[in-house]
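This report goes through one protein model part by part. Please look over the sequence and the structure first.

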Amino acid sequence: MLWTLPLAPLAIAALVPVFGRSRRALGAPAVGVTLFVLAVAAVLVATGSSSSEFRWSPQLELSVDLVGFGRVMAILVPGVATPIIAYAAATESEGRRRLIALMVAFVGAMELLVLAADFLTLLIAWELVGAFSWALIGHSWRDATNVKSAAHAFVTTRFGDLGIYLAAGLSFAATGSLSFESLDGADDMRLSVIAGALVVAAAAKSAQVPFSPWLFSAMAGPTPVSALLHSATMVAAGAYILVRLAPSFESVSWFGPAVAVVGIVTAIAGGVVAATQSHIKRALAGSTSAQYGLMFVAVGAGSTAAAGAHLVTHAAFKSLLFLAAGVAIHAARSNELREMQLGERLPRAAGLAAVGALALAAVPPLGGAWTKEEVVAAAVHDSAWLGAAVFAAGWLSALYAGRWQLLAYGPGSREGASDYRPGATEMSSLGVLAAASVVLGLLWLPGASRTVEDATGGGLVGSQVWEFGLAIGLVALAAAAVAALHRARRLPTLGLPRSLLAFTANWWGLPVAAKAVVVDPVLALSRALARFDDLVIDAGVQAAAAAAALASRLLAWRGEITIDGLVRAVAASTLLAASGSRSADERGVDGAVEGLAGGIGTTGRKSRLLQTGLSHHYYVVVAAGLVVLVGVLALVR
């Protein structure tokens, strides 16, 4: 049954083209298979751990298991994907069958990733997730910009994928096995390199600095795709693999601090991006990087349980916010936050979106607030400066969550808005995800910490009263700042100069820096190599070709003088001999034959003259013959 979790969605995805084109014909099997995977995963988790493998050779096998945090992810992935796919089937019209098929297949690939128990299986799943995400981001491929955005996202994450290859190769070289469990047998040097390779791969996949800008490119995909990528699939893969394998790197002294530094830098940088972005989906993308940065911090601080718990709550409220963004974009006919303020026009959507925004801002009693407190506790316990930085990131979270909600669904002008009203399916999808965010508030109940630790296989530090009080105070301070900026009509820009706003909103100039430091030099090098190829390598080839052509012409000329001349001479001699033979034949052989024939004919005609019929003529002939005979005999003697 374990293999059905990834294989069932992949099989249904292959069959989607035969289901028809209507929304219902596509949505029913797609939602049905994700619900089936959800049910099977729940049964397997309830019945205990399980594992399976497919052996290719004594050294290579595909193995999957349902242990640790993987049990939570196996349920989370289809649980979040179900309302998102239903929303996509109801709202997307361009290439609907292809879109639904890819989204369902994406769920299967992610299931394989979270179940992987060895590097070979992980590599296959990692590559499938990357390939499907590329196809989903570039779904509207007729727009060349979307194709470029998909390529940017794909190439950036592919760079990080090299870390998985390196980790797999070193693991096999060190232990003779690709199993995750074999990492305990690796020597310190190789284990350290494996850890570094995985950190790079995880940072690229989870959009951590310096890889963060690829999330902006991912916004080229349809809104449901963004919701799926950012919640429990593509971007979650990096954080998940760190949660899964972090215990294997406890002996690597630099691992925890490095992961924490990457995470906190991204949490703050991404928070500023989210607070200054005017594009509704890009603002959420910045917050995604920031929230995964907090998960990295928790892993680096030694609390994989806090990281895993925050991943779960983030999946619920971030998918909700992205779907709410889709509703806002349809209603406002724009991606710009300053052109929305749809609260009065779409009050139900505004209320559901507010649940996600409050969870993002870490307002109790929502589950997002509880998991944020656990991340804070882990950071404070690990280091005072790290704890202070996480508090700052938390304040930014509340700031950009409040700003996003007020600009997208706050009160204001409705000029230019369309007559669009979300349908029952769209509202149901938002409602399911909002309900999930509310239900996760049960984490505040006594005993929830033990449940989280058992589910994730990690440990929690536990929040102190003063930490909770400070966090709530910072949330209140951020809310007051948002309200003040809104009253002053400065909320879209935060009162910042336009140049500074553009700089921070566009990932602190990282795309420009990458273009100047990486892209432009690589392109310049490629052009120089092309020029070198034209002037040196191709010139040599062309010179060799010219020499060959000259040699061919010389040989042809020499052949005409020698070989061709000899051939012509032989031909002329043959023709001359044939002409002479013909003349000899006509004048000699034919003449002799004709002369002999003529002589015989003449002789015959003359002989007929002797046939007179007179006896005395015959006697004379006989007598003459006797005389001749006697003469001959005499001569012979």
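## A residue in strand 2

Leaving aside neighbours within four places in sequence, S63 is in contact with S52, E53, L115, A116, A117, D118 and T121. Contact here means heavy atoms within 4.5 Å. S63 lies in strand 2, and it counts as buried because its relative accessibility is 8%. Buried means under 20% relative accessible area, exposed means over 50%, and partly exposed is in between, with a 1.4 Å probe and protein chains only.

## Basis of the model

This is a predicted model, in which local features need pLDDT of at least 70 and side-chain atom pairs count only at pLDDT 80 or more, while totals for chains, interfaces and linings use all residues. Residues are numbered from 1 along each chain as its sequence is written, and side-chain values use heavy atoms, with hydrogens and water left out.

## The protein as a whole

The protein has 23 helices and two strands. Both kinds of element are DSSP runs numbered from the N terminus: helices are H or I with at least four residues, and strands are E with at least two.

Of the 637 residues in the protein, 48% are buried. Among contacts in the protein with a separation of 6 or more, 80% are between residues 24 or more positions apart.

## The two strands

Strand 1 (residues 51-55) and strand 2 run antiparallel and are joined by five bridges. Two strands pair if DSSP finds at least two bridges between them. Together, strand 1 and strand 2 form a hairpin, with five residues between them. The bridge partner of R55 in strand 2 is E61.

Strand 2 (residues 61-65) is mostly covered, with four of its five residues buried. S63, described above, belongs to strand 2.

## Helix 2 against helix 3

Helix 2 (residues 23-47) packs with helix 3 (residues 69-91) at an angle of about 170 degrees, and the axes are 9 Å apart. Axes are lines fitted to C-alpha atoms, for helices over the stretch in contact, and angles run from 0 to 180 degrees between N-to-C directions. The angle makes helix 2 roughly antiparallel to helix 3. Angles over 145 degrees count as roughly antiparallel, under 35 as roughly parallel, 65 to 115 as roughly perpendicular, and the rest as oblique.

Residues of helix 2 in this contact include R23, G27, A30 and V31, and those of helix 3 include R71, A74, I75 and P78. By class, the contact has 15 nonpolar, five polar and two charged residues. Ala, Val, Leu, Ile, Met, Phe, Trp, Tyr, Cys and Pro count as nonpolar, Asp, Glu, Lys and Arg as charged, and the others, Gly among them, as polar.

## Helix 3 against helix 4

The axes of helix 3 and helix 4 (residues 96-115) come within 9 Å and cross at roughly 175 degrees. Helix 3 is therefore roughly antiparallel to helix 4. On the helix 3 side, the residues that meet helix 4 include G70, M73, A74 and V77; on the helix 4 side they include R96, I100, M103 and L115. This contact divides into 16 nonpolar residues, one polar and two charged.

## Backbone exceptions

Most residues other than glycine have a negative phi, and most peptide bonds are trans. The peptide bond from V209 to P210 is cis, with omega near 10 degrees, and P210 is in the loop between helix 7 (188-205) and helix 8 (214-218). Another cis peptide bond joins P364 and P365, with omega about 5 degrees. P365 is in the loop between helix 14 (347-360) and helix 15 (367-382).

R489 is not a glycine, yet its phi is positive, at about 60 degrees. R489 sits in the loop between helix 19 (465-487) and helix 20 (498-505), and it counts as exposed because its relative accessibility is 76%. W508 also has a positive phi, near 55 degrees. The loop between helix 20 and helix 21 (510-561) holds W508, which counts as partly exposed at 37% relative accessibility.

## A residue in helix 18

D454 is in helix 18 (residues 448-456). With 51% relative accessibility, D454 counts as exposed. The C-alpha atoms of D454 and G68 are separated by 7.9 Å, although the two residues are 386 residues apart along the chain.
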